[in-house]
Amino acid sequence: MGHPTIYPTGTTVYLPNKAWSGYTIFQAADTGALLIDMNGREVRLWKGLRGFPNKLFPGGYVLGSTAERDPKYGFQDEANLVQVDWDGNVVWKFDHYEWIEDPRHSGEWMARQHHDYQREGSSVGYYAPNQEPKIDSGNTLILAHKNVNRPEISDIELLDDTIIEVDYEGNIVWEWSVSDHFDELGFDEEAKQAIYKDPNTRGFGEHAGDWMHINSVSVLGPNKHYDAGDQRFHPDNIIWDARESNIIAIIDKTSGKIVWQLGPNYDTAETKHIGWIIGQHHAHLVPKGLPGEGNILIFDNGGWGGYGRPGKVSADGLKVARRDYSRVLEINRVTLEIEWQYTPTEAGFVAPLDSYRFYSPYISSAQRLPNGNTLITEGADGRIFEVTRDHELVWEYISPYKNKRNANMVYRAYRVPYEWVPQLEIPVQTEIAPISVADFRLPGAAPRGAAVTVVIEGAISYDEGAFCVATTDETLQKDTDIAEGTN
């Protein structure tokens, strides 16, 4: 699929009367953690702060990482997790999860953090009424890696996902490993055989298999389900999702057991209406006080994922589910009904031919905003945008920052209220109305409609998803300014 050589970057749409205005933080490729206002003005850059992801806390504090493990020896391992103040001073740090001695590197302690973390006080790490992450105390929930040997899963070493909780002094006070719960995950025998033969080795490390690839973790926080007596939704329980297995699950914090789950298969009577959730990211419970509270919000990437029976799609039973477009789903956790969604259809594209135009097969996220809008990170294209409940686009930003592979991808973005950044005056908000791409031209380019128009009788045209034959009484139309006899 080709791409245009020129496309706009920065803020391209902003309707202040419909958007939930604030600051947005994201990782500006290899540059650092970047904070922008609604008009795309860059108001603060924490250079060198790596975002996996970056999160901004009240008072202008930012969490991220300052170092990555050598990728030759560890896959997506951040060496530490740090909290910095407005001026970039490190005020909190965790790195004491595992002592690492990689070849040609000095031994050092590492956090091995990846993909997500949550500070006590906020269930999901973004703004919600009556929830603020603690900035000078509190425990931190961290998603981390650990290499393990589990012959009952595979005879290949596994890159296992662990969830740890550390206190403010850096002591590990709780730990959970997904490989300890293999029998609870619901894999059928064909999926187990596929995992055993190749637990997603990817060709990195020394045979380590990234078999689950959990990419988000958060506590449930106060919610109406627990208030109604459902113990599975205790506020301390933890929700996570795994992109390689297509699983979304909730674990009981006390016992560690899985007490609620979607996937790994979506062909049951209860889930057929949802369709396959594939390679998903950022599954979480919408926090109390926000529209849709208690529902599960997911960026359903599509792409490829899952284990199962070998067939035409997958000869080896790996990545058996595939779909070439993305969806954002809000699912009622009780009925499993889709309460809201954003798909290529809601984006205004003609399905299925143009469905790929809303598509990020990796990374990405969704955040529910206080006015009911949803902030979506379509990460593969570096696009961050906000839509209303009625799917109207009211803010859009395209990252101009590219990494070493010339990609402007954004892992995850967050919107925070202006008051969380007391160091800045509330910015002037200037409307940016959507432009017509069909009519936009660069200076010096010919206007639309200046070319010769030719309609051929019997030619194939495209209309509303079906092919048809176009007919006209005049088999050939020419611009009146073109001299007779020319083409």
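Where does Pro53 lie? Pro53 is in strand E5, which covers residues 50–57. This is a predicted model, so that is where the prediction places the residue. Phe52 and Pro53 are joined by a cis peptide bond, with omega at about -5°. Most peptide bonds are trans. Pro352 sits in a loop, between strand E24 (338–342) and strand E25 (365–368).

Now step back to the whole protein. It holds two helices and 31 strands. Along the principal axes, the C-alpha atoms fill a box of roughly 85 × 60 × 55 Å. What radius of gyration does the protein have? The value is 25 Å. A compact globule of 487 residues would come near 23 Å, so the protein agrees with that expectation.

How much of the chain is buried? Of the 487 residues, 52% are buried. The accessible surface comes to about 22100 Å². Carbon and sulfur atoms account for 49% of that surface. Contacts also reach along the chain. Among contacts with a separation of 6 or more, 57% link residues 24 or more positions apart. Charge is the next item. There are 44 positive and 71 negative side chains. The centres of these two sets lie 2 Å apart.

Next, follow one run of strands. Start with E26, residues 374–378. E26 pairs with E27 in the antiparallel sense, over five bridges. The two strands form a hairpin with four residues between them. Gly382 is in that turn and has a positive phi of about 65°. Across the pair, Glu378 stands opposite Arg383 in E27.

E27 covers residues 383–387. Why is E27 described as largely enclosed? Five of its five residues are buried, so the rest of the structure largely encloses the strand. In a regular strand the side chains alternate between the two faces of the sheet. E27 can be read in this way: Arg383, Phe385 and Val387 point one way, while Ile384 and Glu386 point the other way. All of these residues are buried.

Move on to E28, residues 393–398. Five antiparallel bridges join E27 to E28. Val387 has Leu393 in E28 as its bridge partner. These strands also make a hairpin, this time with five residues between them. His391 lies in the turn and has a positive phi of about 75°. E28 is mostly covered, with five of its six residues buried.

E28 has another partner. Which strand do four bridges join to E28? That strand is E1, residues 10–14, and E1 and E28 run antiparallel. Gly10 stands opposite Ile398 in E28.

Loops tell another part of the story. Most residues other than glycine have a negative phi. Arg104 has a phi near 65°, a positive value in a residue other than glycine. Arg104 lies in the loop between strand E9 (98–100) and strand E10 (108–110). Its relative accessible area is 73%, so Arg104 is exposed. Asn130 also has a positive phi, of about 65°, although it is not a glycine. Its place is the loop between strand E11 (113–119) and strand E12 (140–148). Asn130 counts as exposed because its relative accessibility is 82%.

Finally, look at two residues through their contacts. Is Ser177 buried or exposed? Ser177 is buried, because its relative accessible area is 13%, and buried means under 20%. It belongs to strand E14, residues 172–177. Leaving out residues up to four places away in sequence, Ser177 touches Asp160, Asp161 and Thr162.

Asp198 sits in the loop between helix H1 (189–197) and strand E15 (214–219). With a relative accessible area of 24%, Asp198 is partly exposed. Which residues does Asp198 contact, leaving aside neighbours within four places in sequence? They are Tyr307 and Leu318. Asp198 can also be compared with Gly209. The two are eleven residues apart in sequence, and their C-alpha atoms are 7.3 Å apart in space.

Definitions and conventions: Residues are numbered from 1 along each chain as its sequence is written. This is a predicted model: local features need pLDDT of at least 70, side-chain atom pairs count only at pLDDT 80 or more; totals for chains, interfaces and linings use all residues. Side-chain values use heavy atoms; hydrogens and water are left out. The radius of gyration is taken over C-alpha atoms; the globule rule is 2.2 Å times the number of residues to the power 0.38. Buried means under 20% relative accessible area, exposed over 50%, partly exposed in between (1.4 Å probe, protein chains only). Contact means heavy atoms within 4.5 Å. Accessible areas come from the Shrake-Rupley method with a 1.4 Å probe; for residues, only the protein chains shown count as cover. Lys and Arg count as positive and Asp and Glu as negative; His and the chain ends are not counted. The place of a charge is taken as NZ of Lys, CZ of Arg, CG of Asp or CD of Glu. Two strands pair if DSSP finds at least two bridges between them.
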